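Colleague: I have not seen this structure before. Could you take me through it step by step?

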Amino acid sequence: MANENKIQDALQMIDRFDWYWRMADSDFDWRYENAKAGMRKFVALVSTIENEIVRKALRNLWTLKYEETRDAVNGRETDNTEIRNEYMAALAA
């Protein structure tokens, strides 16, 4: 699998991850285990990418998404467009 495919797969994993799993009223244990498994898959995929800058950008995008979700849950508005664009530019380089 080419690095470009791995990058696209990692970005899709970020988009599809259930960032609100902690707020589940039912099936909490299942959602917790599913979230852990999803995170492990992401880490495993990213670790196979040879370019350290790309790996770091993908990890930072994961963390950024987590922080945005946390802020949204806590009623805070955040605009991380500039930071996200920097990470995306690192992926395109």
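This is a predicted model: local features need pLDDT of at least 70, side-chain atom pairs count only at pLDDT 80 or more; totals for chains, interfaces and linings use all residues.

Colleague: How far apart are the closest N and O atoms of aspartate 18 and arginine 31?

Modeller: The closest N and O atoms of that pair are 3.3 Å apart.

Colleague: Which residue does lysine 36 meet in a salt bridge?

Modeller: Lysine 36 meets glutamate 33, at 3.8 Å from N to O. Both belong to helix H2 and are three residues apart, so about one helical turn separates them. Lysine 36 has a relative accessible area of 24% and is therefore partly exposed. Glutamate 33, at 41%, counts as partly exposed as well.

Colleague: What about arginine 70: which side chain does it meet in a salt bridge?

Modeller: Arginine 70 meets aspartate 71, with an N to O distance of 3.4 Å. Salt bridges with shared partners join Arg70, Asp71 and Arg76 into one network.

Colleague: Why does aspartate 71 count as buried?

Modeller: Aspartate 71 has a relative accessible area of 9%, and buried means under 20%. Arginine 70, by contrast, is partly exposed at 34% relative accessibility.

Colleague: Let us step back to the whole chain. How many helices and strands does it have?

Modeller: The protein chain has four helices and zero strands. Along the sequence the pattern reads α-α-α-α. The C-alpha trace spans about 40 × 30 × 15 Å along its principal axes.

Colleague: And what share of the residues counts as buried?

Modeller: The chain has 93 residues, of which 29% count as buried.

Colleague: You mentioned H1 and H2. At what angle do they pack?

Modeller: H1 covers residues 3–16 and H2 covers residues 28–47. The two helices pack at an angle of about 160°, and their axes are 10 Å apart.

Colleague: Why are H1 and H2 called roughly antiparallel?

Modeller: Their angle is about 160°, and angles over 145 degrees count as roughly antiparallel. H1 and H2 are therefore described in that way.

Colleague: Now the loop between H1 and H2. What is the phi of aspartate 27, which sits there?

Modeller: Aspartate 27 has a positive phi of about 55°, although it is not a glycine.

Colleague: One last topic, the surface. Which residues form a nonpolar patch there?

Modeller: The patch is formed by Tyr20, Met23 and Val73, which together have about 300 Å² of accessible area. Tyrosine 20 lies in the loop between H1 and H2.

Colleague: How accessible is tyrosine 20?

Modeller: Tyrosine 20 has a relative accessible area of 43%, so it is partly exposed.

Definitions and conventions:
Residues are numbered from 1 along each chain as its sequence is written. Side-chain values use heavy atoms; hydrogens and water are left out. Patches are made of residues with over 30% relative accessible area and no salt bridge: like charges are joined within 9 Å, nonpolar side chains (Val, Leu, Ile, Met, Phe, Trp, Tyr) within 5 Å. Accessible areas come from the Shrake-Rupley method with a 1.4 Å probe; for residues, only the protein chains shown count as cover. A salt bridge is a side-chain nitrogen of Lys or Arg within 4 Å of a carboxyl oxygen of Asp or Glu. Buried means under 20% relative accessible area, exposed over 50%, partly exposed in between (1.4 Å probe, protein chains only). Axes are lines fitted to C-alpha atoms, for helices over the stretch in contact, and angles run from 0 to 180 degrees between N-to-C directions. Angles under 35 degrees count as roughly parallel, over 145 as roughly antiparallel, 65 to 115 as roughly perpendicular and the rest as oblique.
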